[in-house]
Amino acid sequence: MSISFIDEAPQIIKDYLFYMQTVKGKSKKTVDEYYIDLRTFFRFIKLQRGLVPNDSEFENISISDVDLELVKTVTLNDAYEFMNYIQRERKNQNVTRARKCSSLKGYFNYLATKKCVLDSNPVEQLEVPKKKKSLPKYLTLEQSLELLNAVDGDYKERDYCILTLFLNCGLRVSEMASLNYTDIHQDDTMRVVGKGNKERIIYLNSACVSAIENYMRVRPVDGVKDKYALFISRNHRRMSVKTIQAMVYKYLEKIGLNAQGYSCHKLRHTAATLMYQYGGVDIRVLKDVLGHENLGTTEIYTHLSSEQMKNAAEKNPLSKVKQKSNKKSDEKQ
C-alpha cells in the first residue's frame, strides 16, 4: 500500500518532508520512510498522552491533528520510551530502531535550527542504537567468472553487459535501471545518478567497454518506448528494477547460488570486495566509486577473507616454533 504524506501528514510534519525532498534532495522512498517513522512516533505520543482511547488500534491512530503545541511537549524521556516500545512491542531490530532514532533527531533538529519554532532540540542527546556489524555477502572471484560464463539466450549481450557493470562498477540496481545510453561517454567514463540524485563519474575498464559495445550493436531501436534507456526489455521498454533483479536471480540460480541469499546488491558487494582485496584500491577511492556519502559505510569492505587470515597466521615468524620435549620428564612418566 503506497504512502502519500502530502494527503496524510499534518502541516508541522509536511513542511519537514518537503524540505528533505526539495532542499536536501532525498529520494521519494527515503522521505516516505521518514514519514512512516514520524507517524509511528506521534501515534505512540498520542497513546501515551491519553489523546486517544487506550484500546485504539495503533495502526488506525490518525496524526492529522498533531500541531506545534503537541510537538513542544515532547521530551528526551518520551523518545527513550518510544525506543523501548518499538523494541519490546513492535520487535524492531537494531537497524530499524537506529533509522527511527535518526528520523526523530533530524526532524526535531529541523524544527529547532531551520524552522526555529523550538528553543532547542529535545532529542539531541538521544543515542542511536548500535547496528550489528555483519560482513557483506559476496561472490568469490571464481563464482563471479562462473556467473558471467553462465549467460546465454536471446538477450545474452544485454545480460552480460549488466552483470559486467554490476561486478566491475558496483552499481546499485536502481542506478543500473536508470542508465541512459547518453550516460556512456567517448572517454570511457559513465555518468551515474545515485541516491539523492547525486551524480558521479565512473571510469570504465576494458571489460565494461567491450560489453557495452557488444550490446549496443544489438540494442533495439525501433519501437522503443524510452529511446534514451540503455537497457531495453523484451517489451521494448526501459528495464525496471524488478526486471533486472529477475534476470540476475535467473543466472544466480543457474550456477546454484539462488538459495544462498545472493542478489543484485550482493553483486555490488562483490565488486567492492574484488577491487579492495585483489586490486588494492584505496578505501577513499572505493568510497567515491560506490557513491557512499560517508567513509564509514565503505569501511565494511576492509574485512579480510578467511584465506587472507590463514595466510597471515602462516606468515607469523613464530608459526613453525614448537615446544621442545623434556626427555627426563617423559622418561619419569
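Entry 1, terms. I take contact to mean heavy atoms within 4.5 Å. I take helices (H or I, at least four residues) and strands (E, at least two) as DSSP runs, numbered from the N terminus.

I am working with a predicted model, in which local features need pLDDT of at least 70 and side-chain atom pairs count only at pLDDT 80 or more, while totals for chains, interfaces and linings use all residues. Residues are numbered from 1 along each chain as its sequence is written, and side-chain values use heavy atoms, with hydrogens and water left out.

I looked up the secondary structure and found 16 helices and 2 strands. Of the 333 residues, 40% count as buried. I use buried for under 20% relative accessible area, exposed for over 50%, and partly exposed for in between (1.4 Å probe, protein chains only). The accessible surface is about 20000 Å², by the Shrake-Rupley method with a 1.4 Å probe, where for residues only the protein chains shown count as cover. Carbon and sulfur atoms hold 48% of that surface. Among contacts with a separation of 6 or more, 59% join residues 24 or more positions apart.

Which residues of helix 10 are buried? I list Cys208, Val209, Ala211, Ile212 and Tyr215. They lie on the same side of helix 10 because they cover an arc of only 165° around the axis. The arc is that of the directions from the helix axis to the C-beta atoms. These buried residues of helix 10 pack against helix 8.

I read residues 141-149 as helix 7, with Gln143, Ser144, Leu147 and Leu148 buried. Their arc around the axis is only 140°, so they sit on the same side of helix 7. Exposed Glu142 and Asn149 are on the face turned away from the buried side.

For a nonpolar core I count a set of buried Ala, Val, Leu, Ile, Met, Phe, Trp, Tyr and Cys residues joined through side-chain atoms within 4.5 Å. The largest one has 41 residues, and Leu165, Phe231 and Ile244 have the most contacts inside it. At least two residues of this core come from each of helix 7, helix 8 (156-169), helix 9 (173-177), strand 1 (189-193), helix 10 (206-216), helix 11 (241-254) and helix 12 (264-277). Which helix gives the most to this core? I find that helix 8 does, with 7 residues. I then followed Leu165: leaving out residues up to four places away in sequence, Leu165 touches Gly170, Leu171, Met176, Leu179, Met190, Leu204, Cys208, Ile212 and Phe231. A second, separate core has 39 residues, including Tyr34, Val74, Met83 and Ile86. As background, nonpolar side chains in soluble globular proteins tend to be buried together.

I looked up the second largest pocket, which holds about 280 Å³ of space. The search uses a 1 Å grid over the protein atoms alone; a pocket is an open set of points where a 1.4 Å probe fits, with protein on both sides within 12 Å along at least five of seven lines, and lining residues have an atom within 4 Å of a point. Grid points are joined across faces, edges and corners, and the volume is the space filled by probe spheres set on the points. The lining has 18 residues, and Arg158, Ser233, Arg234, Met239 and Thr243 lie nearest the centre of the pocket. Helix 8 and helix 11 each supply at least two lining residues; helix 11 gives the most, with 5 residues.

Is Lys46 buried or exposed? I place Lys46 in helix 3 (residues 28-48), and Lys46 counts as buried because its relative accessibility is 5%. Beyond its neighbours within four places in sequence, Lys46 is in contact with Leu51, Val52, Ile61, Ser62, Asp65, Val66 and Leu70. Lys14 is in helix 2 (residues 11-23) and is buried, with a relative accessible area of 15%. Not counting residues up to four places away in sequence, Lys14 touches Phe5, Ile6 and Ala9.

I find Pro220 in the loop between helix 10 and helix 11. Pro220 counts as partly exposed, at 24% relative accessibility. Leaving aside neighbours within four places in sequence, Pro220 is in contact with Ile232 and His236. Ser102 lies in helix 6 (residues 94-113) and is partly exposed, with a relative accessible area of 42%.
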